[in-house]
Amino acid sequence: MENSEGVKIESTVVTEEPLISALDIALFVVIITVAYFWYFKRDKQSSSSEKKPYTIQPSSLSSIEQTSNSSFIKKLKSTGRSLVVFYGSQTGTAEEFAGRIAKEGARYKMKGMVADPEECDMADLVEMKEIQKSLAIFCIATYGEGDPTDNAMDFYEWLQNGDADLEGLNYAVFGLGNKTYEHYNEIAIYIDQRLEELGATRVHEIGLGDDDANIEDDFVSWKEKLWESVCSHYGIEETGEESNIRQYKLVDCSEVLPERIFSGEISRLKSYENQRFPFDVKNPYLSKIAVNRELHKSGDRSCMHIEFDIDGSKMRYDTGDHVAVYPKNSSELVDKIGELLNADLDAVFSLLNTDEESSKKHPFPCPCTYRTALTYYLDITSNPRTHIMKELIEYASDPKDQEKLKLMASSTPEGKKEFHEWILRDNRNIVHILEDLPSVKPDLDHLCELLPRLQCRYYSISSSPKVYPKSIHITAVLVNYTTPTNRVNKGVATNLLAQLIPTNDELPQPTIPIYIRRSQFRLPPKSQTPIIMIGPGTGLAPFRGFIQERDYARKEGREIGEMVLYFGCRKEDEDFIYENELQEYVANGTLTKLHLAFSRDQPEKKYVTHLLEQNADELWNIIGEKSGHLYVCGDARSMAKDVHSIIVKVVMEKGQMTNSQALNYVKKMEQQKRYSADVWS
């Protein structure tokens, strides 16, 4: 009946209106057009798939480039290379080491290339055996609590989940870690072992670099023995040729239009003028400084409470996350380099990779002025590594300066001693070296190629998004210290932040680029779970956010568990930061107990570790009997280690366990995220 009625209605309409309306014609044309393109596109794809059954046709030029770039094997074969050096880097050091190895390969008749595993199809490792006398080297850093770096995460997961046959792959691994952390070089060790399990051949034993000691020395020593093993494995000899070949060539950009010149942006040109969400490591958010106030009450040290305005940015953070701050070098140091080298810092230039196959065309955003490069992109305040000493030799006109550089660049015991004393102990940066070796006058473009990239600085966020959704707070100590050569070194980020003081609303507020880095340092899912927080000094920062979040829950009427805070500083009337806030949280019941240690307010020094030992019953009651969580934030080198030892001792005594049982108990707490550390060295 419905169909019949439909026909009748249609017939009636036809008698009253024109047979075909303009709308009908338009719809008909659209339908025919869509059908035509769908049919012939399908037919074309079908015929293509018949001709090439195992290929996927890229849909755009960018896809073509991405597919091409991801195959490092094709690059090796097309350019006659046999050495590829992969890096897993968070701060740039592993990438730098990878570049040095690839460069030295020429001395052993192994043309090399550097590769970012994030940009490569690592499954192509199975094809390395097709290249005669090939070698894959991995410079891999361990980051955080035994995690791979961001750019090595996919490769790490591929190794974990895959079972590729890597027989015929020759490899070596150098790890970058820090012995003050529990998971020392864990990722590099895993990769070294996993590659062997999958059938690959280890050409040289793994190297483990310790950034808490002298990672440069560890790397150089390992690298020298690596090449000995390579020569033995492949039956080759060193050519003896020096590898001081420029990786980048200088391009004069004086004719480039001003709007095409970088002025400090991290990646995208004009990104600070035209901000686009999402914001990340390559696209930071230019945040206004809303608050910048002093926390110390007296004394000659400074600790800043800083609030970054993120209103309207769409940025979201969780309590316990970190914020990355992009600093810039002081104009005083930048100008000094210009004076020492008699260089025009406002000249516009670019550095272009001489390796046309490299995915990294420039060492930093180019074109830009030398002033911009030295201010925003290059690290001019850290201690230069030995390879920079080696590259500076040719620029020394005084034989004495030349010999000193040669000695420090060598791997002899005398050379290592001189480098350690003159560079590391005396804390010289590149500016100090150019001042103290006045005959050394490197070309400024070469110096820009040699210096490492200026890295962002990470700070624990000291606020809760529940309470402060439109701002991010940090707590930062101003870094200033005098070196053995009587120079004053200043922390790059904190000294910049100290100058960014908000003014009245009529004037533009100071800004700085930031982005949020996610953390595993988290409150328990249930607000009723009791917690212990141990954070002397600025280690209090994330716990301020924890307390704010629990206080917010309490005000909402939710039940919250016990919160016990151990805080320590030098003197109560000097550097007891956030004192009023903490006392208020104690008064309203959010903070159950506040244990305070003022180390210099009495003849014998008193630290939070002493208080922990005195409160063993309380510790065990929360982490043992009530299955609570324990958090540590602060110095990794001594404080965090001492806390760990005390916790193991408490578990032994109060839990009536043996030493090995107590260690296993604490280890299980860590695995369950009931024992978390946010520490630095």
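In this predicted model, E96 forms a salt bridge with R385 (a side-chain nitrogen of Lys or Arg within 4 Å of a carboxyl oxygen of Asp or Glu), the closest N and O atoms being 3.4 Å apart. Because E96 belongs to helix α5 (residues 93–104) and R385 to the loop between α10 (370–377) and α11 (386–392), the pair ties together parts that are 289 residues apart in sequence. E96 is buried at a relative accessible area of 18%, and R385 is likewise buried, with a value of 18%; here buried denotes under 20% relative accessible area, exposed over 50%, and partly exposed the range in between, with a 1.4 Å probe and protein chains only. Helices and strands are DSSP runs numbered from the N terminus, helices being H or I with at least four residues and strands E with at least two.

E391 is buried, with a relative accessible area of 5%, whereas K103 is partly exposed at 27%. A further salt bridge, at 2.9 Å from N to O, joins D346 and R371; D346 is in the loop between α9 (331–340) and β12 (348–353), and R371 is in helix α10, 25 residues apart. Both residues count as partly exposed, D346 at 46% relative accessibility and R371 at 30%. Salt bridges that share partners connect K336, R425, D426, R428, E435, D436 and R487 into one network, and the whole structure holds 41 salt bridges.

Residues are numbered from 1 along each chain as its sequence is written, and side-chain values use heavy atoms, with hydrogens and water left out. Because the model is predicted, local features need pLDDT of at least 70 and side-chain atom pairs count only at pLDDT 80 or more, while totals for chains, interfaces and linings use all residues.

S271, found in the loop between β8 (248–252) and β9 (285–294), is buried, with a relative accessible area of 3%. Leaving aside neighbours within four places in sequence, S271 is in contact (heavy atoms within 4.5 Å) with E265 and N283. S271 and N283 are twelve residues apart in sequence, and their C-alpha atoms are 7.4 Å apart in space.

Across the protein, which has 23 helices and 23 strands, buried residues make up 49% of the 681 residues.
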